[in-house]
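Subject: Structure handover

Hello,

Please find the sequence and structure below. My notes on what was found follow after it.

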Amino acid sequence: MKIKYLGHSSFLIETNGSKLLFDPYISSNPFAKNINIDKIEADYIFVSHGHLDHVEDLERIYKNQKKVILISGFEITNWYKVNKEFSRLHPMGPGSKWKFDFGIVNCVSECHSNSLPDGTYGGIPLGFVIESENKTFYFAGDTGLHQNMKQIGEFHKIDFALLPIGGNFTMDIDQAVVAADYIKTDKIIGMHYDTDYMIKINHKTALETAEKYKKKLILMKIGSELIL
Ligand code: NI
Ligand code: MN
C-alpha cells in the first residue's frame with residue numbers, strides 16, 4: 001500500500017490497483033503549495049464530512065477525473081448531486097459496509113459536527129475502516145476520542161490508523177494514543193495538525209508521547225510517500 005500525504009487530512013492511498021483520495025483540501029493549505037491539484041489521479045474520493053478543510057478541492061478533482069466515484073455519507077453525496085451535478089456517487093451510512101473492487105469499506109460514526117460549505121446539515125461524520133491487500137487501516141476524519149473506537153478494535157485487526165492529532169477541533173496526541181489502544185493498533189499516521197495556529201503541535205512532544213505509550217507516530221512530510 002502506497003500512502004502519499006497531501007497535507008492536513010488529505011491522503012492519496014494506492015492499494016490493489018486503485019487510487020483512494022481522502023478529504024481533499026489543498027488549495028488553501030499554505031503548506032501544500034507544491035501539490036499540483038490538477039495532477040491528482042483518483043478512482044475513489046472518500047469524504048469524512050463536509051467541512052471546508054475536507055472538501056475544498058473535491059469538486060475540482062471530481063470534475064478533472066472522469067471516472068472517480070465519491071464515497072461519503074448520504075447527506076454529503078446528495079448535496080453534491082443536487083448542487084454540483086455529481087453523478088458518480090456511492091452514499092453510505094454509519095455502521096455499514098460495502099465491497100468495492102479494491103476491498104471492503106466499513107463506515108463508522110465519529111464524534112464531530114458535520115455541515116456542507118453552505119451550512120446544510122451533513123449527517124453523522126464518518127470514519128472509514130478499509131480492508132484491502134490483506135491489510136486493514138482506519139481513516140478517522142475529524143473526531144474526538146470516543147468509546148465506539150473500541151468496537152473497531154473488536155471487529156478489525158487494524159494495521160495502522162490515520163488519526164487527527166492537532167487538538168482544538170479534534171483529538172490531540174494524548175487522546176490519539178488512547179484511541180490507538182481502543183482500536184488496538186500501534187501505528188498512527190498523524191493528520192489535521194500544523195495547518196494553522198489553532199492546531200499547531202510540538203512534533204518532539206508528540207513523538208515522545210507516542211513512544212511513552214509504545215505507539216509509533218508517523219508525521220509525514222507533505223508530498224512524501226510511505227509504503228505500508
Ligand atoms: Ni471538521
Ligand atoms: Mn477539519
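What makes the arrangement of the four donor atoms around the nickel ion (ligand 1) irregular? They subtend angles of 90 to 175 degrees, which makes the arrangement irregular. By the rule used, four donors are tetrahedral if all angles lie between 85 and 135 degrees, four are square planar and six octahedral if opposite donors are over 155 degrees apart and all others between 65 and 115, and anything else is irregular.

Before the rest, some conventions. This is a predicted model, in which local features need pLDDT of at least 70 and side-chain atom pairs count only at pLDDT 80 or more, while totals for chains, interfaces and linings use all residues. Residues are numbered from 1 along each chain as its sequence is written, chains are lettered from A and ligands numbered from 1 in the order in which they are written, and side-chain values use heavy atoms, with hydrogens and water left out.

The metal site

The protein donors of the nickel ion are His49 (NE2), His51 (ND1), His112 (NE2) and Asp142 (OD), at 2.2 to 2.3 Å from it. Donors are N, O and S atoms within 2.8 Å of the metal (3.2 Å for Na, K and Ca); water is not among the atoms, so sites may look incomplete. The spacing of the donor residues in sequence is H-x1-H-x60-H-x29-D. Asp142 also bridges the nickel ion and the manganese ion (ligand 2), which lie 3.2 Å apart. His112 sits in the loop between β8 (104–109) and β9 (126–132), and Asp142, 30 residues away, in the loop between β10 (135–139) and α4 (148–155). Helices (H or I, at least four residues) and strands (E, at least two) are DSSP runs, numbered from the N terminus.

Asp142 is buried at 3% relative accessibility, whereas His112 is partly exposed at 22%. Buried means under 20% relative accessible area, exposed over 50%, and partly exposed in between (1.4 Å probe, protein chains only).

The sheet

Seven strands form an open sheet with mixed pairing, in the order β6-β5-β4-β3-β2-β1-β14. Its edge strands, β6 (89–92) and β14 (225–227), each pair on one side only; two strands pair if DSSP finds at least two bridges between them. Strand β5 (residues 69–73) pairs with β6 in the parallel sense over four bridges, and Leu70 has Leu89 in β6 as its bridge partner.

Gln65

Gln65 lies in the loop between α2 (58–64) and β5. At 14% relative accessibility, Gln65 is buried.

Regards
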